[in-house]
Amino acid sequence: MSESRDVVAGALQQWEITYPGMDFEPVAVIGRISRCATLLHEVTEMPLGRAGLSRTEFEILCALRRADALEPAGVPAGEAGRTPSQLARETYASPAAVTKRVRALEQRGLVTRRSDARDRRVAHLTLTDSGRDLADHLIPQQLSYEKGLITGLPEAERADLARILSEFLLVLEGRLGGR
(Lines give C-alpha, C1' and ligand atoms only; values in the text may rest on other atoms or scores of the structure.)
Protein backbone atom coordinates (compact mmCIF):
# COMPACT_ATOMS: atom_id res chain seq x y z
CA MET A 1 0.00 0.00 0.00
CA SER A 2 1.18 3.55 -0.57
CA GLU A 3 2.85 5.72 2.08
CA SER A 4 0.37 8.57 1.64
CA ARG A 5 -2.13 9.13 4.42
CA ASP A 6 -5.86 9.23 4.00
CA VAL A 7 -8.09 11.80 5.70
CA VAL A 8 -9.08 9.28 8.40
CA ALA A 9 -5.41 8.79 9.38
CA GLY A 10 -5.21 12.52 10.04
CA ALA A 11 -8.38 12.42 12.13
CA LEU A 12 -7.03 9.44 14.09
CA GLN A 13 -3.85 11.34 14.88
CA GLN A 14 -5.92 14.29 16.12
CA TRP A 15 -8.13 12.00 18.25
CA GLU A 16 -5.08 10.38 19.82
CA ILE A 17 -3.84 13.83 20.86
CA THR A 18 -7.30 14.84 22.12
CA TYR A 19 -7.93 11.60 24.04
CA PRO A 20 -4.58 9.92 24.73
CA GLY A 21 -4.84 6.20 25.36
CA MET A 22 -8.40 5.85 24.01
CA ASP A 23 -8.93 3.01 21.52
CA PHE A 24 -9.84 4.52 18.15
CA GLU A 25 -9.66 1.27 16.19
CA PRO A 26 -13.38 1.56 15.29
CA VAL A 27 -12.68 4.90 13.59
CA ALA A 28 -9.88 3.29 11.59
CA VAL A 29 -12.37 0.75 10.20
CA ILE A 30 -15.86 2.31 10.34
CA GLY A 31 -14.57 5.79 9.55
CA ARG A 32 -12.86 4.55 6.41
CA ILE A 33 -15.86 2.49 5.30
CA SER A 34 -18.12 5.48 5.88
CA ARG A 35 -15.79 7.82 3.97
CA CYS A 36 -15.52 5.33 1.08
CA ALA A 37 -19.30 4.96 0.95
CA THR A 38 -19.78 8.72 0.87
CA LEU A 39 -17.22 9.21 -1.89
CA LEU A 40 -18.56 6.31 -3.94
CA HIS A 41 -22.12 7.55 -3.61
CA GLU A 42 -21.07 10.97 -4.91
CA VAL A 43 -18.75 9.71 -7.66
CA THR A 44 -21.00 6.99 -9.00
CA GLU A 45 -23.69 9.60 -9.60
CA MET A 46 -21.68 10.88 -12.58
CA PRO A 47 -22.43 8.25 -15.24
CA LEU A 48 -25.95 7.82 -13.97
CA GLY A 49 -26.40 11.56 -13.94
CA ARG A 50 -26.11 11.60 -17.72
CA ALA A 51 -29.22 9.43 -17.74
CA GLY A 52 -30.88 11.67 -15.17
CA LEU A 53 -30.82 9.01 -12.46
CA SER A 54 -29.61 9.03 -8.90
CA ARG A 55 -27.72 6.03 -7.56
CA THR A 56 -30.75 5.08 -5.47
CA GLU A 57 -33.11 5.18 -8.46
CA PHE A 58 -30.61 3.06 -10.40
CA GLU A 59 -30.60 0.51 -7.57
CA ILE A 60 -34.40 0.19 -7.88
CA LEU A 61 -34.12 -0.30 -11.65
CA CYS A 62 -31.46 -2.97 -11.05
CA ALA A 63 -33.60 -4.77 -8.46
CA LEU A 64 -36.55 -4.79 -10.88
CA ARG A 65 -34.30 -5.94 -13.73
CA ARG A 66 -33.05 -8.86 -11.63
CA ALA A 67 -36.67 -9.66 -10.76
CA ASP A 68 -37.44 -9.96 -14.49
CA ALA A 69 -34.84 -12.71 -14.82
CA LEU A 70 -36.11 -14.54 -11.74
CA GLU A 71 -39.80 -14.69 -12.66
CA PRO A 72 -41.21 -18.21 -12.76
CA ALA A 73 -41.52 -20.00 -16.07
CA GLY A 74 -44.76 -19.17 -17.83
CA VAL A 75 -45.04 -15.71 -16.27
CA PRO A 76 -44.52 -13.05 -18.93
CA ALA A 77 -41.64 -10.63 -18.29
CA GLY A 78 -42.76 -7.87 -15.98
CA GLU A 79 -45.90 -9.61 -14.74
CA ALA A 80 -44.77 -10.71 -11.28
CA GLY A 81 -42.65 -7.70 -10.29
CA ARG A 82 -41.68 -6.62 -6.79
CA THR A 83 -43.63 -4.94 -4.04
CA PRO A 84 -42.34 -1.72 -2.50
CA SER A 85 -41.58 -3.68 0.70
CA GLN A 86 -39.45 -6.15 -1.24
CA LEU A 87 -37.61 -3.28 -2.94
CA ALA A 88 -36.98 -1.63 0.42
CA ARG A 89 -35.34 -4.83 1.69
CA GLU A 90 -33.31 -5.34 -1.49
CA THR A 91 -32.07 -1.75 -1.71
CA TYR A 92 -31.67 -1.14 2.04
CA ALA A 93 -33.92 1.90 1.83
CA SER A 94 -36.87 2.97 3.92
CA PRO A 95 -40.35 2.31 2.51
CA ALA A 96 -40.91 6.08 2.28
CA ALA A 97 -37.69 6.51 0.26
CA VAL A 98 -38.69 3.67 -2.07
CA THR A 99 -42.13 5.24 -2.59
CA LYS A 100 -40.54 8.58 -3.49
CA ARG A 101 -38.06 6.99 -5.90
CA VAL A 102 -40.66 4.76 -7.52
CA ARG A 103 -42.95 7.76 -8.05
CA ALA A 104 -40.11 9.57 -9.87
CA LEU A 105 -39.39 6.48 -12.00
CA GLU A 106 -43.11 6.11 -12.79
CA GLN A 107 -43.30 9.74 -13.91
CA ARG A 108 -40.43 9.05 -16.31
CA GLY A 109 -42.26 6.01 -17.71
CA LEU A 110 -39.63 3.55 -16.46
CA VAL A 111 -41.74 1.68 -13.89
CA THR A 112 -45.37 0.62 -13.74
CA ARG A 113 -47.48 -0.15 -10.70
CA ARG A 114 -50.36 -2.60 -10.66
CA SER A 115 -52.59 -3.62 -7.78
CA ASP A 116 -52.55 -7.17 -6.51
CA ALA A 117 -55.59 -9.15 -7.66
CA ARG A 118 -56.21 -10.49 -4.13
CA ASP A 119 -55.26 -7.47 -2.04
CA ARG A 120 -55.68 -4.02 -3.60
CA ARG A 121 -53.46 -2.47 -0.89
CA VAL A 122 -50.46 -4.34 -2.33
CA ALA A 123 -48.76 -2.91 -5.41
CA HIS A 124 -46.55 -4.85 -7.80
CA LEU A 125 -43.86 -2.81 -9.53
CA THR A 126 -42.34 -3.78 -12.85
CA LEU A 127 -40.11 -2.19 -15.44
CA THR A 128 -41.66 -0.80 -18.57
CA ASP A 129 -39.96 -1.61 -21.86
CA SER A 130 -38.24 1.78 -21.59
CA GLY A 131 -37.11 1.00 -18.06
CA ARG A 132 -35.74 -2.39 -19.11
CA ASP A 133 -33.94 -0.83 -22.09
CA LEU A 134 -32.43 1.89 -19.88
CA ALA A 135 -31.27 -0.67 -17.29
CA ASP A 136 -29.79 -2.89 -20.01
CA HIS A 137 -27.96 0.14 -21.42
CA LEU A 138 -26.71 1.53 -18.09
CA ILE A 139 -25.70 -1.62 -16.22
CA PRO A 140 -22.67 -2.41 -18.45
CA GLN A 141 -21.64 1.27 -18.44
CA GLN A 142 -21.90 1.48 -14.66
CA LEU A 143 -19.99 -1.77 -14.16
CA SER A 144 -17.22 -0.54 -16.43
CA TYR A 145 -17.06 2.77 -14.61
CA GLU A 146 -16.96 1.09 -11.19
CA LYS A 147 -14.31 -1.35 -12.39
CA GLY A 148 -12.18 1.67 -13.23
CA LEU A 149 -12.61 2.95 -9.68
CA ILE A 150 -11.35 -0.25 -8.05
CA THR A 151 -8.46 -0.96 -10.40
CA GLY A 152 -6.28 1.26 -8.23
CA LEU A 153 -6.02 -1.78 -5.95
CA PRO A 154 -4.24 -4.93 -7.09
CA GLU A 155 -6.61 -7.75 -8.05
CA ALA A 156 -5.66 -9.96 -5.08
CA GLU A 157 -6.32 -7.09 -2.68
CA ARG A 158 -9.72 -6.45 -4.31
CA ALA A 159 -10.63 -10.09 -3.70
CA ASP A 160 -9.43 -9.87 -0.09
CA LEU A 161 -11.36 -6.64 0.43
CA ALA A 162 -14.55 -8.18 -1.00
CA ARG A 163 -14.15 -11.19 1.29
CA ILE A 164 -13.47 -9.07 4.39
CA LEU A 165 -16.38 -6.74 3.63
CA SER A 166 -18.66 -9.75 3.15
CA GLU A 167 -17.64 -11.11 6.55
CA PHE A 168 -18.15 -7.70 8.15
CA LEU A 169 -21.54 -7.30 6.49
CA LEU A 170 -22.64 -10.66 7.92
CA VAL A 171 -21.51 -9.52 11.39
CA LEU A 172 -23.43 -6.25 11.07
CA GLU A 173 -26.56 -7.93 9.70
CA GLY A 174 -26.43 -10.43 12.56
CA ARG A 175 -26.09 -7.70 15.19
CA LEU A 176 -28.09 -4.87 13.65
CA GLY A 177 -30.48 -6.88 11.51
CA GLY A 178 -30.78 -6.72 7.76
CA ARG A 179 -33.73 -4.95 6.21
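Let us start with the strands: β1 (residues 111–115) and β2 pair in the antiparallel sense over five bridges, where pairing requires that DSSP finds at least two bridges between two strands. Strands here are DSSP runs of E with at least two residues, helices are runs of H or I with at least four, and both are numbered from the N terminus. One place to look along this pair is Val111, which stands opposite Leu127 in β2.

Before going further, please keep in mind that this is a predicted model, in which local features need pLDDT of at least 70 and side-chain atom pairs count only at pLDDT 80 or more, while totals for chains, interfaces and linings use all residues. Residues are numbered from 1 along each chain as its sequence is written, and side-chain values use heavy atoms, with hydrogens and water left out.

Staying with β2 (residues 123–127), you will find the strand mostly covered, with five of its five residues buried. Buried means under 20% relative accessible area, exposed means over 50%, and partly exposed lies in between, using a 1.4 Å probe and protein chains only. Ala123, Leu125 and Leu127 point one way from β2, whereas His124 and Thr126 point the other way, and all are buried.

Now turn to a pair of helices. Two packed helices are described by the angle between their axes and the distance between the axes. Helix α5 (residues 84–91) packs against helix α6 (residues 95–107) at an angle of about 110 degrees, and their axes are 9 Å apart. Here the axes are lines fitted to C-alpha atoms, for helices over the stretch in contact, and angles run from 0 to 180 degrees between N-to-C directions. α5 and α6 are therefore roughly perpendicular to each other; that word covers 65 to 115 degrees, with angles under 35 counted as roughly parallel, over 145 as roughly antiparallel and the rest as oblique. Pro84, Leu87, Ala88 and Thr91 of α5 make the contact with Pro95, Val98 and Val102 of α6, contact meaning heavy atoms within 4.5 Å. These residues divide into six nonpolar, one polar and no charged (Ala, Val, Leu, Ile, Met, Phe, Trp, Tyr, Cys and Pro count as nonpolar, Asp, Glu, Lys and Arg as charged, and the others, Gly among them, as polar).

In the loop between α5 and α6 sits Tyr92. Its phi is near 55 degrees, a positive value in a residue other than glycine. Tyr92 is partly exposed, at 49% relative accessible area.

Finally, consider the charged side chains. The structure holds 11 salt bridges, each a side-chain nitrogen of Lys or Arg within 4 Å of a carboxyl oxygen of Asp or Glu. In one of them, Asp136 meets Arg65, with the closest N and O atoms 2.7 Å apart. Asp136 lies in helix α7 (residues 129–150) and Arg65 in helix α4 (residues 55–70), so this pair ties together parts that are 71 residues apart in sequence. Asp136 is partly exposed at 37%, and Arg65 is partly exposed at 23%.

Another salt bridge joins Arg132 to Asp129, the closest N and O atoms being 3.0 Å apart. These two are three residues apart in helix α7, a separation of about one helical turn. Arg132 is buried at 14% relative accessible area, whereas Asp129 is exposed at 57%. Salt bridges that share partners bring Arg65, Asp68, Asp129, Arg132 and Asp136 into one network.
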